[in-house]
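Biologist: I'd like to learn how to read a few features off a model like this one. Could you take me through them?

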Amino acid sequence: MSAPVEVDVAIAGGGMVGASLALALQGSGLAVALIEGHAPDAAAQPSFDERTTAIGNGSRAVFEALGAWPRMRAEAGVIRAIHVSDAGRFGFARLVAAEQGLEAFGYVLPNRAIGRALWQGLAATPQLALYMPARLIEARSLDSHASLAIERGDGTRATVHARLLVAADGAQSTVRAALGLPSHVEDYGQVAVVANLAADRPHDGTAYERFTPVGPLALLPLADGSYTVVWARTPDDAAQALAMPEAQFLAGLQRRFGWRAGRFVRVGRRHGYPLALTRSDATHAPRAVLIGNAAQALHPVAGQGFNLGLRDAATLAECLVEARRGGGDPGGEALLARFAALRAADRSGVTRFTDGLVKLFRDERPGVGALRDLGLLLFDLAPPAKRALARVSWGFAGRLPRLARGLDLADRSGTPP
Ligand SMILES: Cc1cc2nc3c(=O)[nH]c(=O)nc-3n(C[C@H](O)[C@H](O)[C@H](O)COP(=O)(O)OP(=O)(O)OC[C@H]3O[C@@H](n4cnc5c(N)ncnc54)[C@H](O)[C@@H]3O)c2cc1C
């Protein structure tokens, strides 16, 4: 094995969040290494797979600031309205972006399009030390640096010493385990069945969230006029839904969803994703920090997981660029503490909101359904509540990262939107 490679920042995981961070650090002057198990267009790539991701306006602003948005814009479905309902009950709410002074609540992008756009940007970063396909197999945090053992796809090994190790390696984070950071997993007892879905008429830009007795069901509008369906169900139900003939799946979906999006005529290949809330107790250790799903992996019901992880990446990039400018240590305790403080409110707010939503609409105790109806009705009638929810498309709580405000990392002058 050759001598260790010395870098300022090593990012373990080049999925949606890790690749975004690497791109945000482009041109920062920091020496960066990126370690990723799979090429972005590989069939086995777990982040840039066949799913789609709903991103809010804040995430779009980050992608714009990173120069990636023009490369994905054409593939983005636009969410102009959101319709929320409770199956079998009268309550529903409808939010219209134009009524909130917004062009859109957000955009729906194929994960593969996000991967292509981010990695095309990274291809223009010759100074990036890229290990791909390669796996981080061991990590130790020492006083002055973190030491990483890496195994490349061809079986050869490398050692990297980084002043800061960033874990962006997903919910089953190897870094988190190697550093002994405890995490909690709460299994929701649900599997999300995900597929592309065509109706007999194109959508009008409405995203639907329907809470059914077997789990929440979302229809997200795609750029080509069809939808992505994300339907969380019990594991047994999901196994059947994944295996049943297309006509039977469409009939069951139509029965649960109703007719407001037209008649469902075709469904693409179905994939299943077991759902759990995974939360790390501590999101940093000496010389190491967790971001994205490595720090918190959420239920997809409110489409917040990636948006939250991207704000982690954007805030961390901002802290690192500030430290570099001021001659600070990129992996020092001061930076890690500042990053944790900046992210605390957003992280806990989004996690509680998402978890609460899953549990509220699963609750079948007498009277709870009627309360939900009342809640949806009041929400539908209350402009301030709608305005508050519209703000979620920018961020949840706490300070918005500069990149999400459309500012570059060098400019200190802007104010939040
Ligand atoms: C069905 C479903 C629908 C969703 N929809 C939305 C949505 O609409 N909006 C939204 O905001 N969020 C959504 N999410 C959440 C979103 O997918 C995640 O928050 C996001 O993928 C997190 O990105 P990440 O980069 O942190 O982790 P991951 O996507 O898990 O990526 C981790 C990366 O690390 C690599 N890796 C792992 N271990 C190693 C190792 N040891 N060495 C090297 N590389 C490694 C992997 O190959 C991968 O590329 C959804 C999730 C699900 C399951």
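Modeller: Pro133 sits in the loop between strand E8 (129-131) and E9. Helices (H or I, at least four residues) and strands (E, at least two) are DSSP runs, numbered from the N terminus. This is a predicted model, where local features need pLDDT of at least 70 and side-chain atom pairs count only at pLDDT 80 or more, while totals for chains, interfaces and linings use all residues. Residues are numbered from 1 along each chain as its sequence is written.

Biologist: Is the peptide bond from Met132 to Pro133 cis or trans?

Modeller: The Met132 to Pro133 bond is cis, with omega near -5°. Another backbone spot is Arg287, a residue other than glycine whose phi is positive, near 65°. Arg287 lies in the loop between strand E18 (284-285) and strand E19 (288-290).

Biologist: Now helix packing. At what angle do H1 and H8 cross?

Modeller: Axes are lines fitted to C-alpha atoms, for helices over the stretch in contact, and angles run from 0 to 180 degrees between N-to-C directions. Here H1 (residues 16-24) and H8 (residues 305-325) have axes that come within 9 Å and cross at roughly 25°. That makes H1 roughly parallel to H8 (angles under 35 degrees count as roughly parallel). Residues touching across this pair include Met16 and Leu21 of H1 and Phe306 and Leu310 of H8; in contact means C-beta atoms, placed from the backbone, within 7 Å. The contact of H1 with H8 divides into 10 nonpolar, 2 polar and 1 charged. For those classes, Ala, Val, Leu, Ile, Met, Phe, Trp, Tyr, Cys and Pro count as nonpolar, Asp, Glu, Lys and Arg as charged, and the others, Gly among them, as polar.

Biologist: And how do the axes of H1 and H4 cross?

Modeller: H1 and helix H4 (residues 111-123) have axes that come within 9 Å and cross at roughly 30°. H1 and H4 are therefore roughly parallel to each other. Their contact includes Ala19 of H1 and Trp119 of H4, and by class has 8 nonpolar, 2 polar and no charged residues.

Biologist: How many residues surround the ligand?

Modeller: There are 35, and the closest are Gly13, Gly15, Gly170, Gly292 and Gly305; near means a C-beta atom, placed from the backbone, within 6 Å. H8 gives the most to this shell, with 4 residues. By class, the shell has 14 nonpolar, 17 polar and 4 charged residues.

Biologist: Why does the ligand lie between domain 1 and domain 2?

Modeller: Because domain 1 (5-76 + 108-185 + 276-405) and domain 2 (187-275) both give residues to the shell around the ligand. The domain bounds come from an automatic or database domain assignment.

Terms used: Parallel < 35°, antiparallel > 145°, perpendicular 65-115°, else oblique. Contact = placed C-beta atoms within 7 Å.
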